[in-house]
Amino acid sequence: MDPTTDNAGTTGAPDTARASLEALRAEIAKAVVGQDPAVTGLVVALLCRGHVLLEGVPGVAKTLLVRALASALELDTKRVQFTPDLMPSDVTGSLVYDTRSAEFSFQPGPVFTNLLLADEINRTPPKTQSSLLEAMEERQVTVDGTPRLLPDPFLVAATQNPVEYEGTYPLPEAQLDRFLLKLTIPLPSRQDEIDVLTRHAEGFNPRDLKAAGVRPVAGPADLEAARAAVAKTTISPEITAYVVDICRATRESPSLTLGVSPRGATALLATSRAWAWLTGRDYVIPDDVKALALPTLRHRVQLRPEAEMEGVTADSVINAILSHVPVPR
């Protein structure tokens with residue numbers, strides 16, 4: 001995903017919202033070095049009311065990125081470390097008996113927040129993983145038969161380690177499909193790593209974002225205005241057909257056992273729309289679809305074992321499809 005965008009004017013609510021969301025990048029850069037594409041992906045997910053799976057080795061600032069985003073957007077955030085003994089009620093909350101009133105009262109879990117960081121989500125059993133499904137899809141939690149709505153905005157940013165699989169529980173396809181985007185967090189370049197160490201040598205404390213100068217530059221009102229503007233972004237029939245052709249091509253690929261579902265096609269259309277608006281346009285072009293294809297589709301396909309043994313990756317398959325599917329003019 002290209003981290004650069006075109007600045008629009010600041011006249012009117014939509015343009016003001018765009019300018020505020022653009023300012024996020026500079027604000028988060030005060031705490032996190034060199035992760036502009038991931039920041040953009042998280043903003044796209046917020047605009048689409050989606051969730052994000054962050055994949056990267058330990059120590060590449062995944063947690064710090066989410067905390068910095070929450071601070072710059074003035075949103076509440078909570079973190080849950082997923083472990084093998086974590087119970088569903090530890091995430092959603094539970095009924096607690098009050099001895100004074102002799103009644104049960106609901107104690108909300110950490111899922112009742114704006115940005116939930118689900119750290120190492122694949123380290124907890126499927127039963128606990130599935131406790132997030134209703135929250136992610138329905139924006140509510142049901143305890144003892146009573147549905148309880150979650151705050152808006154609500155985003156789950158789940159992390160997983162791509163290199164250490166011992167003692168993990170792979171996410172089922174149904175849950176992977178609930179994530180709007182899968183963002184890979186790479187190791188920093190040499191210069192970025194030098195910048196990180198220089199900041200730490202100068203006293204940077206990743207646990208104190210205020211001291212690092214991270215301040216709120218946007219808020220829920222900006223998100224609402226931005227979402228309304230994104231919903232008005234024009235999508236031509238040719239672009240819709242282009243998205244469908246890309247997704248259908250994944251179902252016919254000899255390298256894949258599982259292609260992109262219609263839900264995935266809908267997700268690609270939504271993320272392309274949000275990206276078009278962020279770049280200052282009120283219409284979607286093929287380049288918007290191409291820019292969001294990898295993060296939107298890479299976790300929705302499944303490689304054949306023989307293709308995986310030959311070094312084929314989901315990204316390489318999707319890139320090959322993008323190069324062969326005719327682009328509308």
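How many residues does helix 7 have, and how far does helix 7 reach from its first C-alpha to its last?

1. Helix 7 (residues 190–201) has 12 residues and reaches 16 Å from end to end by C-alpha, close to the 16 Å expected at 1.5 Å a residue (the expected span is 1.5 Å times one less than the number of residues). Glycine 203 follows helix 7, with a positive phi near 105°.

2. Some housekeeping: this is a predicted model, with local features needing pLDDT of at least 70 and side-chain atom pairs counting only at pLDDT 80 or more, while totals for chains, interfaces and linings use all residues. Numbering starts from 1 along each chain as its sequence is written, and side-chain values use heavy atoms, leaving out hydrogens and water.

3. Now the sheet. Five strands make an open sheet in the order 2-5-8-1-9, with parallel pairing (strands are DSSP E runs of at least two residues, helices H or I runs of at least four, both numbered from the N terminus; two strands pair if DSSP finds at least two bridges between them). Strand 2 (77–81) and strand 9 (181–184) are at the edges with a single partner strand each, so one side of each has no neighbour in the sheet.

4. Strand 1 (residues 52–55) and strand 9 run parallel and are joined by four bridges. Leucine 53 has lysine 182 in strand 9 as its bridge partner.
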